[in-house]
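Hi,

I'm passing on the structure we talked about, and I hope you enjoy looking through it.

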Amino acid sequence: MHPHLAEEIQVGAPLAHRMALAQPEFRALLDRALEGHEVSVDDGERCLHAEGGDLVALIATADAIRKRDVGDDVTYVVNRNLNFTNICFVGCRFCAFARQRWEADAFNQSIEAILAKVQQAVDLGATEICMQGGINPEMPAFTYRDILLAIKGAFPQIHMHAFSPMEIMYGSRRTDMSYRDYLQMLRDAGLGTIPGTAAEILDDEIREILSHKKVDVQTWIDIVTTAHDLGIRSTSTVMYGHLETARHVAAHIALIRTLQRQTGGFTEFVPLRFIHDNTELFRQGLVGEPPPKGIYDLRVYATSRLMLQGAIDNLQTSWVKINHELAQLSLEAGCNDFGGTLMEESISREAGANAGEYTPVDEIRALITARDRRPVERTTLYDKREAAHEDTAVDGHGLGGRSGRREVPARPDPYC
Ligand code: SF4
């Protein structure tokens, strides 16, 4: 654990003590949040700048709201990321994953290779396949549907969490179908939920700089809300730590909250730190050195908990982006979900993240238990599967095929 950071935010000190450290005006903002009042964009922006005693009180408030709304359980899902191609023409400047088809490490996996990976994940106890890929211009029009049909034909029990709004947009254009018809076709082929990625920051001016070919804000909204209307739920995300201001982040969270009130379709919110190292944004000097991991990440998590209370209960930490220790500390700043085992997370690895690409179940459970919280396996839709883990032991025994670090062949993955 980050000892200095934990000390700085006074982890474990009583709520009243930590609240008393805030300046009066900021304390009033936090008190209103604790009473369940909506946190405005202005107040969210203020939270994202909190320092010193204000920061201590902000994090204590997020932790109290988390405890009140969802209790002490920390959930996780046993899943595998499966990125079937890294060939992509979109050219997002924050992406270190995409390749042109002539590059030596470009890949486009066959259905047989995909099925072998799913089998491997099923053997390790996975309940979910999280599948995204680059936007490959040479892909046959119905590829996404055909991958789903093949996987669900062989593994009907697996939940397919697949295809970002960017991929949905591209697939619907290639097939000349409306978003609704295209999504309906994918649902009928076995699509369970979609990742709420490709959101980055939902602000068209920022998006134009990040990636001018990427799905725009209104299209992202249209695709996600159409999916929700069809019963295809999604996650929601924000990517922070690049060109955006605190106001962009607060406005983004408020937009997600508004959409959730309309559809109820988001299962969770996942703040994702921008990993800069091998990206064009960084190489071209459009972003400088990122803020050190720690305070800013905790501010984003805590602010998300405050702003989304009453709308989205599940706030997921990202151990891939911020590392295991900080992810543990984020459990003190409003998070109640540890994400997935992933097994193949090369999107962040390509961009320079160093948390590894697979955290086995026993390690996730140990990380959670070390914070005096109860680890609970869940499904993609947040149904708890705890019968399999009644002993909550953290020594890696008694967890069947899900325990123990296993060798999983590393392959590059996308970051849409
Ligand atoms: S983020 Fe996705 S769409 Fe953008 S360049 Fe990377 S792989 Fe392509």
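This is a predicted model: local features need pLDDT of at least 70, side-chain atom pairs count only at pLDDT 80 or more; totals for chains, interfaces and linings use all residues.

Residues are numbered from 1 along each chain as its sequence is written.

The protein has 18 helices and nine strands (DSSP runs, H or I of at least four residues for helices and E of at least two for strands, numbered from the N terminus). Of its 416 residues, 51% are buried, meaning that 20 or more other C-beta atoms, placed from the backbone, lie within 10 Å of the residue's own.

Helix α9 (residues 179-188) buries Tyr-179, Tyr-182, Leu-183 and Leu-186. Seen down the axis of α9, these buried residues fall within an arc of 95°, so they line one face of the helix (the arc is that of the directions from the helix axis to the C-beta atoms). They pack against α7 (143-154), α8, β5 (191-194) and α11, where a contact is two C-beta atoms, placed from the backbone, within 7 Å. Just after α9, Gly-190 has a positive phi of about 120°.

Two of those partners also meet each other: Pro-165, Ile-168 and Met-169 of α8 touch Thr-219, Trp-220, Ile-223 and Val-224 of α11. Helices α8 (residues 165-175) and α11 (residues 217-229) pack at about 85°, with axes 9 Å apart (axes are lines fitted to C-alpha atoms over the stretch in contact, and angles run from 0 to 180 degrees between N-to-C directions). The two are therefore roughly perpendicular (65 to 115 degrees).

Best wishes

Conventions: Angles under 35 degrees count as roughly parallel, over 145 as roughly antiparallel, 65 to 115 as roughly perpendicular and the rest as oblique. A residue is buried if 20 or more other C-beta atoms lie within 10 Å of its own, exposed if 12 or fewer, and partly exposed in between; C-beta atoms are placed from the backbone.
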